[in-house]
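Reader: Could you walk me through this structure, with the cut-offs behind each term as we go?

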Amino acid sequence: MLRRFATILSLCVCAALGAVHAQQLEWSVDFSSMFQNREGGDEQTPDQTILFTRLAPEVGLSLMDNTHEIKGGVAWFQPMIDNGAGYKVLPTIYYNFHHGKWDVTTGMFPRSLLPLKPSTLLWSDSLSFTTPNARGVLIRHQMPNCAMALMVDWRQMQSTTQREAFNVYFQALKHFYAPVTLLGEVQINHLAKRKDAPEGEGVNDDITLFPRIAVRAIRKPKAKLAFEAGPVVQLQRNRSEGKWHTPCRFFASANARLWSWLDIDQEFSIGKDAFPLYEQFGSQLNLGDPYWRSKIYSRTDIKAHIVNNRFVDLNAGVTLHATDKTFGFWQQISCRFYIDQDVWKHRRDKHYLNSRKLAGELR
């Protein structure tokens, strides 16, 4: 009996030591700063200067060869103004389960975990700056020739002063024969009533369908060029009115990267007002850039990467917004610095440092 107990105890100790050995401490520090001066016609967005920093440290524990991960940290958003007001400290805490090609993440997690950056039709620049985390569930499936993600984000909880709001977002892409890719985004925004809502306050729905086809025309080490095109279908309603609005638009874009440091992105869209209920509910219901309300909308982004490696992306650029009624001119300088346990481990490897560029997008 004693021998059996000793054998069982030894097996338990060995299993515990194995589990401890399989643990791995993970950490990261993500710092961003942004200066953006918005000038021009203010029919859709006001003239303003945006100046802020954002610091997002994370620390976590990985178990069983990254099958289970739990991480926590904060996202500290700080406008750079004299009195230090207007800051937000947002919690980051989430669990990730990884199995084969699948990932499931739940909690308060960075939106940068999405395989693709959402279009400004679905998530405006300003919201991307100030709300870097989602609150809910993210399911991802990634393979060499395809990827998809489904995210549910509870944006607001119901109270006597604010309405319940949640967002369901799906994105997918599939690479076909060498130059062709099919991709698409689907989003559902739901805006419910406040607690003890007054008479006449209705529930609102916003559904976006945005399929596209992309063609990679040039793919060389120092020159890349791709085109996208597709329809935009919106379905919106205020249930108290009982009427569906179904505006449709056509979208096309060209994206070029030259000499590995210059990015030029051109988008063009034409059609009906994409957010017909914006005057009533604003960004509570429609999260996209208000410029998409214009009949004709052209956006040109020109960005030069001054320093770009695995640690840092310092860039300067301009964004031109042109519609059938107004013109906007934004100037921008941004910097993102990122480091984690893997980057630190390879910090002396120049090939690793320069062969993997840091994406400078502030998401």
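Author: What follows goes from the overall chain to strands, rings and charged pairs. This is a predicted model, in which local features need pLDDT of at least 70 and side-chain atom pairs count only at pLDDT 80 or more, while totals for chains, interfaces and linings use all residues. Residues are numbered from 1 along each chain as its sequence is written, and side-chain values use heavy atoms, with hydrogens and water left out.

Reader: Okay, how many helices and strands does the chain have?

Author: The chain has five helices and 17 strands, where helices (H or I, at least four residues) and strands (E, at least two) are DSSP runs numbered from the N terminus. Its C-alpha atoms fill a box of roughly 85 × 60 × 55 Å along the principal axes.

Reader: And what share of the residues is buried?

Author: Of the 363 residues in the chain, 40% are buried; buried means under 20% relative accessible area, exposed means over 50%, and partly exposed is in between, with a 1.4 Å probe and protein chains only.

Reader: Switching to strands, what does β8 pair with?

Author: Strand β8 (residues 165–175) pairs in the antiparallel sense with strand β7 (residues 146–156) over 10 bridges, and 11 bridges join β8 to strand β9 (residues 180–191), again antiparallel. Two strands pair if DSSP finds at least two bridges between them. β8 and β9 form a hairpin with four residues between them.

Reader: Which residues face each other there?

Author: W154 stands opposite F166 in β8, and the bridge partner of V168 is I188 in β9.

Reader: How many aromatic pairs are there in the whole structure?

Author: A search of the whole structure finds 11 aromatic pairs. Rings of Phe, Tyr and Trp (its six-membered ring) pair if their centres lie within 6.5 Å, and planes under 30 degrees apart count as stacked, over 60 as edge-to-face and the rest as tilted. The pair of W292 and Y297 is edge-to-face, because the ring centres are 5.9 Å apart and the planes are at 70°.

Reader: What sits over the ring of W330?

Author: The charged end of R38 sits over the ring of W330, 4.0 Å from its centre; the criterion is NZ of Lys or CZ of Arg within 6 Å of the ring centre and within 35 degrees of the ring normal. K174 likewise lies over the face of F176, at 5.9 Å from the ring centre.

Reader: How many salt bridges does the structure hold?

Author: The structure holds 14 salt bridges, each being a side-chain nitrogen of Lys or Arg within 4 Å of a carboxyl oxygen of Asp or Glu. In one of them, D30 bonds with R336, the closest N and O atoms being 2.9 Å apart. That pair links distant parts of the chain, with D30 in strand β1 (residues 24–40) and R336 in strand β17 (residues 327–340), 306 residues apart.

Reader: Why do D30 and R336 count as buried?

Author: D30 counts as buried because its relative accessibility is 18%, and R336 counts as buried because its value is 13%.

Reader: What about R293 and E279?

Author: R293 forms a salt bridge with E279, with the closest N and O atoms 3.1 Å apart. R293 lies in the loop between α3 (278–281) and β15 (296–308) and E279 in helix α3, so the pair ties together parts 14 residues apart in sequence. R293 is buried at 18% relative accessibility, whereas E279 is exposed at 64%.
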